Structures are given as structure tokens and as C-alpha cells.
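Please read it alongside the sequence and structure shown here.

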Amino acid sequence: MNGLHRAWPMLLAILVLAGCQASSSLVPSGQSPYGTWAGLLPCADCPGIRMQLQLWKQPSVYRLTQTYQSATTSPRTFVGEGHWRRVPRHNEDSLGMIVLQPKAKDGGIPRPEQFFSQLPDGSLLKLDAQGRSIKSTLSYRLRRIRVPGP
């Protein structure tokens, strides 16, 4: 017990400092996103991935929330952020492409880019790892939705 009394101030200081660290989020606080898209995408080893993509213009950052559905356990949610850019029209069915560049993992390890085609109806179509259309009868579409502001 005596050792715990001596360690308590150090533990409290560590907890206070950890709570005071600035958030590592790239998303601007108090600013509504330029747009939000959502949909349920196919998954190879689960019932589906509920995906929500939010884009901000100034600065050009995004937040991608992916919730992997499960028939046997609780859904698992992963949230990623990074910078995005728009690439001009790349085929006759597209208005352009949105490229997501995730921020690097701890240690500076880069993460792969993700690609979405902008469609005339305002939706986004998930593309493969090389930015090409996914050949499938399943839907890879995210529809634009309205979400309340901050």
C-alpha cells in the first residue's frame, strides 16, 4: 500500500497530461462538412460494410467511418481521416474522381489511397485499389445524405 501512495501523484500527472493532449483529428471543429455520403457496401467475409464519407473543403480533409456488420458478434467500427482531392473526369459516366489519401499510421507507414467516382446523380461509386470500376452485380454506391450541422 505504501508504494501505491508514492506512485499516485505520478499516475495522476500522467492522466492529466494525456487528457490535455491536442486531438489528432484533421477535421475542423465546428464546421459542417461540404457533403456526406452513406451506403451499405458488400463485404467478402461479413454481411456488409456500412460506410459514411464526409468531405470538408477548407481544408480538404475527410472522415470515413466503416462499420463491419456481423451475424454473430457486435459490429466493428473503424474511423479514418486524411486529405482528399478531386481528379477531373476520367470516363464518360463520371464527373470526376475523389481520391482519399489517409494520414499515415504511427511510425509514418503510408496507407493505400481509396477512389470514388462522382456520378451525375450526386452519388459516389467505390472504385478498386487502382481507381477502376469494380466488376460486380453488387452495389458499391454511396448516396449523398443530409446531416444536421454542428
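**Aromatic contacts**

Y34, W37 and W84 make up one aromatic cluster. The model is predicted. A search of the whole structure gives 3 aromatic pairs.

- The ring centres of Y34 and W84 are 6.5 Å apart and their planes lie at 10°, so this pair is stacked.
- Y34 belongs to the loop between helix 1 (2-20) and strand 1 (35-41), and W84 belongs to strand 4 (residues 76-88), so the pair ties together parts that are 50 residues apart in sequence.
- Y34 is partly exposed, at 36% relative accessibility, whereas W84 is buried, at 12% relative accessible area.
- Y68 and F78 form an edge-to-face aromatic pair, with 5.7 Å from centre to centre and 85° between the planes.
- That pair links distant parts of the chain, since Y68 is in strand 3 (residues 61-68) and F78 is in strand 4, 10 residues apart.
- Y68 is partly exposed, with a relative accessible area of 23%, and F78 is also partly exposed, with a relative accessible area of 43%.

**Charges over rings**

- The charged end of R144 sits over the ring of Y34, at 5.1 Å from the ring centre. Y34 is also a member of the aromatic cluster with W37 and W84.
- The charged end of K126 sits over the ring of F116, at 5.4 Å from the ring centre.

**Strand 2 and its neighbours**

- Strand 2 (residues 49-56) is mostly covered, with 6 of its 8 residues buried.
- Strand 2 pairs with strand 1 in the antiparallel sense over 7 bridges. M51 in strand 2 is the bridge partner of G39.
- Strand 2 and strand 3 run antiparallel and are joined by 8 bridges. These two strands form a hairpin, with 4 residues between them.
- I49 stands opposite Y68 in strand 3. Y68 is the residue that also forms the edge-to-face pair with F78.

**Salt bridges**

- How many salt bridges does the structure hold? There are 5 salt bridges.
- R141 forms a salt bridge with D121, and the closest N and O atoms are 3.0 Å apart.
- R141 counts as partly exposed at 27% relative accessibility, while D121 counts as exposed at 51%.
- D121 also meets R143 in a salt bridge, at 3.7 Å from N to O. This second pair again links distant parts of the chain, with R143 in strand 8 and D121 in the loop between strand 6 and strand 7, 22 residues apart.
- R143 counts as partly exposed, at 47% relative accessibility.
- Through shared partners, salt bridges join D121, R141 and R143 into one network.
- D128 and R132 have side chains that meet in a salt bridge, at 3.6 Å from N to O. D128 is partly exposed, with a relative accessible area of 21%.

Technical notes:
Residues numbered from 1 in each chain as written. Predicted model: local features only at pLDDT ≥ 70, side-chain atom pairs only at ≥ 80, totals over all residues. Heavy atoms only, no water. Phe/Tyr/Trp six-rings, centres within 6.5 Å; stacked < 30°, edge-to-face > 60°. Buried < 20%, exposed > 50% of the residue type's maximum accessible area, 1.4 Å probe, protein only. Lys NZ or Arg CZ within 6 Å of the ring centre and 35° of its normal. Pairing = 2+ DSSP bridges. Salt bridge = Lys/Arg side-chain N within 4 Å of Asp/Glu carboxyl O.
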